[in-house]
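Reader: I am new to this structure. Please show me how to read its features.

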Amino acid sequence: MTTYLLAGGGTAGHVNPLLAVADALRARDPEADVLVLGTREGLEARLVPERGYELLFVDKVPFPRRPNGAAAAFPARFQRAIGQVRRHIAERGVDVVVGFGGYASAPAYVAARRERVPFVVHEANARPGLANVLGARRAAGVGVAFEGTPLKRSRVVGMPLRDEIVTLDRAALRAEAAAYFGLDAERPVLLVFGGSLGAQRLNEAFGEGHGAAWRDVVDAGWQLLHATGERSELTDPGVPGYAVVRYLDRMDLAFALADVIVSRAGAATVSEISALGIPTMYVPYAVGNGEQALNAASAVRAGAAVLIPDAGFTGDRVRAEVVPFLADDTRRAAMAEAAASVGIKNGTDNVVAMIDEALRG
């Protein structure tokens, strides 16, 4: 029996690909022992047990960004975290470690090396995190989701995607999706979303104030499905053809209904949309180190997507650029074809193949 230790977490961008790989390993061999390593503070503390996997804990030890008290304490705390993972590896007889980035991965890579256990690195973002940059130097295999990711010895394997996305038959589900959201399956749909917390910039452009652009979308003959985020106070005007929801519990149905998308450019979002071949206008989140714009770069280069800077995304920009795009059938069809050419649906299988290669030595 093979024992796998999958390390990662903190955000959905790390947890979801980890769980996709875990599900694939368990489906292939129900006797395999699939363990997950994470912190008590991350999203994994809730999502991993809910999915039926045992979660082993490691202390959250952020890399210091500036010289201060936390930086002085970092070496001892990091060594303690490495020790925690080494004990997990030894006590559970782990055969291979797979890291997806985040706080749990850095000590897992060092612990695996010291325990002489092979480890594999998967990087979801076009700009890799520090844990994976360090881990890639000694890994048995390094996979990245996007072409051009600067990670040593890496190969493009795509993003491990949820099975409901990989197997999604958009045409077959369209009628069910339209009924679910209270829209008309016979009319085109623009899907707007900014992640679980929403995106204030998108909400303001489409759904707030007298200059709200949702009116222009509806007047152009399109319907609008707008996910505002769980914390949004945006009100629903109750207009036919404009569906306002806080959160998309059924992302598969939202994708089944979407003819065009306007969204943020998180790694999982870009990977899922590209795999489904949906024309998209990305508005990358401007905070951070610019990784969202990089995530969308390969789709933009291929002609599958358009990038609109966050600072310039207003109701007027929607009227000037998004609404004319909705009316351009030829351009949309070309973008859909290009999206299908850059999308990778078998990312999960590719990562599992890397794990098998590492086990073979």
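Author: Start with a definition: helices are DSSP runs of H or I, at least four residues long, numbered from the N terminus. Keep in mind that this is a predicted model. Now take α15. Just after α15, Gly361 has a positive phi of about 90°.

Reader: What should the 14 residues of α15 span?

Author: Count 1.5 Å a residue, so α15 (residues 347-360) should span 20 Å. Its end C-alpha atoms are 20 Å apart, which agrees.

Reader: Which residues of α15 are buried?

Author: First, the general idea. An α-helix has 3.6 residues a turn, so residues three or four places apart point the same way. Here, the buried residues of α15 are Gly347, Thr348, Val351, Val352, Met354, Ile355, Asp356 and Ala358. Their cover includes α1 (12-28) and strands, among them β1 (3-7), β4 (96-99) and β5 (119-123).

Reader: In what order do the seven strands form the open sheet?

Author: Read across: β3-β2-β1-β4-β5-β6-β7, with parallel pairing. β3 (54-57) and β7 are at the edges with a single partner strand each, so one side of each has no neighbour in the sheet. From one strand to the next, the twist averages 25°.

Reader: How many bridges join β1 and β2?

Author: Five, in the parallel sense; β2 covers residues 33-38. In one of these strands, β2, Leu37 is the bridge partner of Ala7.

Reader: Which strands does α1 touch?

Author: α1 packs on the sheet and touches β1 and β2. The directions of α1 and β1 make about 170°. Helix α4 (residues 105-114) lies across β1, β2, β4 and β5, at about 155° to β5.

Technical notes:
Residues are numbered from 1 along each chain as its sequence is written. This is a predicted model: local features need pLDDT of at least 70, side-chain atom pairs count only at pLDDT 80 or more; totals for chains, interfaces and linings use all residues. Side-chain values use heavy atoms; hydrogens and water are left out. Helices (H or I, at least four residues) and strands (E, at least two) are DSSP runs, numbered from the N terminus. The expected span of a helix is 1.5 Å times one less than its number of residues. Buried means under 20% relative accessible area, exposed over 50%, partly exposed in between (1.4 Å probe, protein chains only). Contact means heavy atoms within 4.5 Å. Two strands pair if DSSP finds at least two bridges between them. Axes are lines fitted to C-alpha atoms, for helices over the stretch in contact, and angles run from 0 to 180 degrees between N-to-C directions.
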